[in-house]
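Work through the exercises below with the structure open. Try each task before reading its solution.

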Amino acid sequence: MIYKQIFDIVRQQVQQNAILRVTDNAFIPFDPDNTDYQAYLKWVAEGNTPQPADEGTQ
Amino acid sequence: MPYGTVNADLMTTSDGVSSSGLYGFKNRIINGAMVIDQRNAGASVTQVTGNTYTVDRFYIVGSVTSKFTAQQSSTVPSGFVNSLKITSSATTSLASGDYYFLAQLIEGYNIADLNWGSANAKTITLSFQVYSSLTGTFGGALRNSAQDRSYPFTYSIPVANTWTTISITIAGDTSGTWLTTNGTGINVVFALGIGSTYSGTAGAWAGSNLVSATGATSVVGTNGATFFITGVQLEKGSTATSFDYRPYGTELALCQRYYWKIARGTSEPYGITGNTSAGNAIWSQFGLPVTMRATPTVTIYGTWVVVNTGQPTVRGASSTNFLLQIVPTATGIATAYPDSSDDLIDASIEL
């Protein structure tokens with residue numbers, strides 16, 4: 001699985017409340033009840049790091 | 001003249017008509033008649049090692065990929081329109097840690113009145129209809145969210161390729177933790193082949209993770225074996241009452257609390273457009289048809305037609321709506337809309 005940070009073009013910063021799952025382009029909100037978010041947290045806990053956001057693009 | 005008796009859970013008239021089954025939402029299983037299939041629209045789904053949804057609310061999973069498929073079917077017993085068909089894709093021998101099953105996760109809110117995990121735990125009855133090319137003793141189980149409480153059960157299919165009605169009454173679990181929140185309340189499992197690690201004694205609660213009864217028939221053990229199921233109902237009480245036929249719209253709305261999909265259809269029923277300067281965002285809000293269980297994962301599929309912008313992205317989501325975004329490449333009008341049946345959006349917040 002590959003994840004990528006999302007750039008917030010309005011605030012001009014990386015979104016702090018969601019991540020993009022690159023394999024299927026899924027927007028995963030940071031909601032503890034979301035099993036995709038739980039899977040992301042597990043992936044991070046295993047030592048992985050998401051790809052950085054493409055700054056300046058949506 | 002006596003008119004009947006009343007207790008806390010059940011009213012019975014003098015001629016024996018019971019209130020059990022007459023009140024709303026008696027069936028805690030959603031889509032038990034297998035009629036809603038938002039994701040697949042009747043197409044076959046191949047089992048993998050992660051939970052994969054077939055008809056709405058029912059998922060399949062296995063320890064090794066591609067050992068069986070699942071598909072909405074029109075092979076049905078009297079009174080039903082659909083069933084779910086399982087087809088074994090190989091002759092699979094089971095190692096001790098192997099597991100292949102079909103299941104539904106019931107939200108905790110929908111089983112809160114059962115008082116499981118307390119001395120006042122209520123008895124439930126699980127009923128369904130099955131049809132298989134195999135005969136024998138089959139298995140399944142109920143589990144809690146933490147998978148440290150489980151109840152294996154068995155049922156018999158005595159005649160091949162004949163619909164058999166099954167009813168299993170289970171005394172509620174007085175131990176363990178059973179969530180009554182928007183998390184998993186009860187996991188109802190129909191086993192299709194389970195190794196010894198996850199099999200146990202039928203008819204008793206266990207403090208471990210079991211999904212079938214020891215010695216149950218393995219559907220995946222026979223290449224080409226079929227197993228159909230429909231009319232799945234889990235209700236309070238010790239009697240299986242008639243299947244709770246809910247209106248199609250009601251059943252669909254119940255499913256959409258966990259999954260929702262909008263398809264393009266024959267025209268462009270949705271899209272996003274606006275006029276602004278280059279690099280600024282244009283948003284389009286989509287309301288979800290029912291409040292979802294929690295904030296869903298939102299996915300945009302396909303390659304949309306775009307004018308003066310890149311592909312649309314999701315900017316934000318909540319349990320009631322989400323926001324799409326495009327950013328004009330140059331100052332002026334920017335537009336994005338779906339152009340094929342593969343261009344769609346879904347929102348998923350399964351348990």
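**Exercise 1: a loop threonine**

B:Thr309 sits in the loop between strand S21 (305-307) and strand S22 (313-317) of chain B. The model is predicted.

Solution. 
- Step 1. Compare with the cut-off: buried means under 20%.
- Step 2. Look for the partner of the side chain.

**Exercise 2: a loop tyrosine**

Task: classify B:Tyr301 by its accessible area, then state how far it lies from B:Asp343 in sequence and in space.

Solution. 
- Step 1. B:Tyr301 is in the loop between S20 and S21 of chain B.
- Step 2. Its relative accessible area is 29%.
- Step 3. B:Tyr301 and B:Asp343 are 42 residues apart in sequence. Their C-alpha atoms are 5.2 Å apart in space.

**Exercise 3: a sheet from two chains**

Task: give the strand order of the open sheet with 6 strands, and name its edge strands.

Solution. 
- Step 1. Trace the order: S1(A)-S4(A)-S5(A)-S20(B)-S25(B)-S17(B). The pairing is antiparallel.
- Step 2. Find the edges. Strand S1 (3-4) of chain A and S17 of chain B each pair on one side only.
- Step 3. Zoom in on one pair. S20(B) and S25(B) are joined in the antiparallel sense by 4 bridges. B:Thr299 has B:Asp346, in S25(B), as its bridge partner.

**Exercise 4: the largest pocket**

Task: which residues are closest to the centre of the largest pocket, and which element gives the most to its lining?

Solution. 
- Step 1. Start with the volume, about 1600 Å³.
- Step 2. Go to the centre. Of 49 lining residues, A:Thr35, A:Asp36, B:Gly50, B:Asn51 and B:Leu351 are closest to it.
- Step 3. H1(A) gives the most, with 6 residues. Chain B strands that supply at least two lining residues each include S20 (297-300) and S25 (345-348).
- Step 4. Sort the lining by class: 19 nonpolar, 18 polar and 12 charged residues.

**Exercise 5: confidence**

Task: what scores does the model have, and what pLDDT does chain B average?

Solution. 
- Step 1. The model scores are ipTM 0.96 and pTM 0.93.
- Step 2. Chain B averages a pLDDT of 93, and 93% of the residues score at least 70.

Definitions and conventions. Residues numbered from 1 in each chain as written. Chains lettered and ligands numbered in written order. Predicted model: local features only at pLDDT ≥ 70, side-chain atom pairs only at ≥ 80, totals over all residues. Heavy atoms only, no water. 1 Å grid on protein atoms, 1.4 Å probe; cavity = no way out; pocket = protein on both sides within 12 Å on 5 of 7 lines; lining within 4 Å. Points joined across faces, edges and corners; volume = space filled by probe spheres on them. Nonpolar A, V, L, I, M, F, W, Y, C, P; charged D, E, K, R; others polar. pLDDT = per-residue confidence, 0-100. Pairing = 2+ DSSP bridges. Buried < 20%, exposed > 50% of the residue type's maximum accessible area, 1.4 Å probe, protein only.
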